[in-house]
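Hello,

Here is the structure I promised to pass on to you. Please have it open while you read my notes.

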Amino acid sequence: MRRAGTGEWRGWREATEEALYGPSGFYRGPEGPVGHFRTSVHASPLFAAAVARLLCRVDEALGRPAELAFVDMAAGRGELVTGVLAALPAEVASRARGYAVERADRPAVLDHRIEWLARPPKGITGLLFANEWLDNVPVEVAEVDATGVPRLVLVRDDDGAERLGEPVAGAEAQWLRRWWPLASEVMPFPGAPSAEVPSDEVPFEGARAEIGLPRDTAWAGAVASLDRGLAVAVDYAHFAAARPPFGTLTGFREGRETTPVPNGSCDITAHVALDACALPGGRVMTQRAALRALGVSGARPALSLAATDPTAYVHALAGAGEAAELTATGGLGDFGWLLQPVGIPNPMIGGLLADDPPADGLLVDVADHEEQ
């Protein structure tokens, strides 16, 4: 879907909001996200099954409540919530209630038992799961000008052309100083929860950053909808020790990366500073480590199975291939999982770090994060 451009210069946040979620926005199209890019949800039913196992862990930590919520943020066409509810054991399924949170219209074929909402329900007990939601929360883009001043980047919606606007100020400038300092030769200690730019550092012209403040706010609001349980955000991520020097803003159309043009013709996305989003007690690990802890393995089945049960061998081999895609280095396995427990112990921590070295499993431990 493509809307007529106005030729107006606007900040990337406003332009992206209209391009993705406006009346003719990208996410209003009938095909939904699956028509343009492949997420873990679409890659294999193993993903939904793993999330169902996580929901069961949350259920145990909650003491098996009478009603157990599963909230699918940015639900697309409801594929994940449908798969999770179908994969639950009967006893848990009998108490589970599914919610799909999405700004597009409800699909006609969605199970009537799944509630379709524009915002997460309040006061729930269970698991809130946000798979590739935060990367589509629109943000402003900043770029350093020739004098070393970070300025907002303005974009024209008809062709994606850019120019620099006013200097970044206020809360956005504070966020940049803390979480993404636009300066040369700044390298915070690995795992540091924040960074400040030394006074003698000079920003270099052309350095860019996505100002993640709206994502921090959106995530805090989603977590606040939980009375007790676990909130999980899954996205391509970067961290304070290694921010990309020129940002990550890009577009996707029909499965291919493309120039981001905010006219509704393509997805517009940017990787997420998950360490900035994390609230006190949060923890980030790779999808590879998280899925392995939830029983998803890319190990090939024993060859002897081919002789005794060829059909089972073929099915197991296909499952191993799908698991390998979900956990692949350089691919979906590199996603970050931000785990935010509310009123319960983190159900993903027990025994995990003994099996996965910190470089591969635990990316950021923000248990001592200060209040934001």
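Below is what I found, starting with the chain as a whole and then going through a few places in it.

First, the ground rules. This is a predicted model, so local features need pLDDT of at least 70 and side-chain atom pairs count only at pLDDT 80 or more, while totals for chains, interfaces and linings use all residues. Residues are numbered from 1 along each chain as its sequence is written, and side-chain values use heavy atoms, with hydrogens and water left out.

The protein chain has 12 helices and 16 strands; these are DSSP runs numbered from the N terminus, helices being H or I with at least four residues and strands E with at least two. Of its 372 residues, 53% count as buried (under 20% relative accessible area with a 1.4 Å probe, protein chains only; exposed is over 50%, partly exposed in between). Among contacts (heavy atoms within 4.5 Å) between residues at least 6 apart in sequence, 74% join residues at least 24 apart.

Now to the largest pocket, which holds about 760 Å³ of space. A pocket here is an open set of points on a 1 Å grid over the protein atoms alone, where a 1.4 Å probe fits, with protein on both sides within 12 Å along at least five of seven lines; lining residues have an atom within 4 Å of a point. Points are joined across faces, edges and corners, and the volume is the space filled by probe spheres set on them. The lining has 36 residues, and Tyr-21, Ala-74, Arg-103, Trp-133 and Val-137 lie nearest the centre. Helix α7 gives the most to this lining, with five residues, and α1, α2, β2 and α4 are among the elements that each supply at least two. By class there are 19 nonpolar, seven polar and 10 charged residues (nonpolar: Ala, Val, Leu, Ile, Met, Phe, Trp, Tyr, Cys and Pro; charged: Asp, Glu, Lys and Arg; polar: the others, Gly among them).

Tyr-21 is buried, at 12% relative accessibility, and Arg-103 lies over the face of its ring, 4.2 Å from the ring centre (the rule asks for NZ of Lys or CZ of Arg within 6 Å of the centre and within 35 degrees of the ring normal). Ala-74, in the loop between β2 and α4, has a positive phi of about 50° although it is not a glycine, and it is partly exposed at 29%.

The structure holds seven aromatic pairs (ring centres of Phe, Tyr or Trp, its six-membered ring, within 6.5 Å; planes under 30 degrees apart are stacked, over 60 edge-to-face, the rest tilted). Tyr-21 and Tyr-27 are stacked, at 5.7 Å centre to centre and 15° between the planes. Phe-26 and Tyr-27 have ring centres 5.2 Å apart and planes at 90°, so this pair is edge-to-face. Both Phe-26 and Tyr-27 are buried.

Elsewhere, the buried residues of helix α6 are Ala-173, Trp-175, Leu-176, Arg-178 and Trp-179, and their cover includes β6, β7, β9, α7 and α8.

Finally, Thr-327 sits in the loop between α11 and β15 and is buried, with a relative accessible area of 8%. Beyond its neighbours within four places in sequence, Thr-327 contacts Arg-288, Leu-291, Val-296 and Gly-333.

Best wishes
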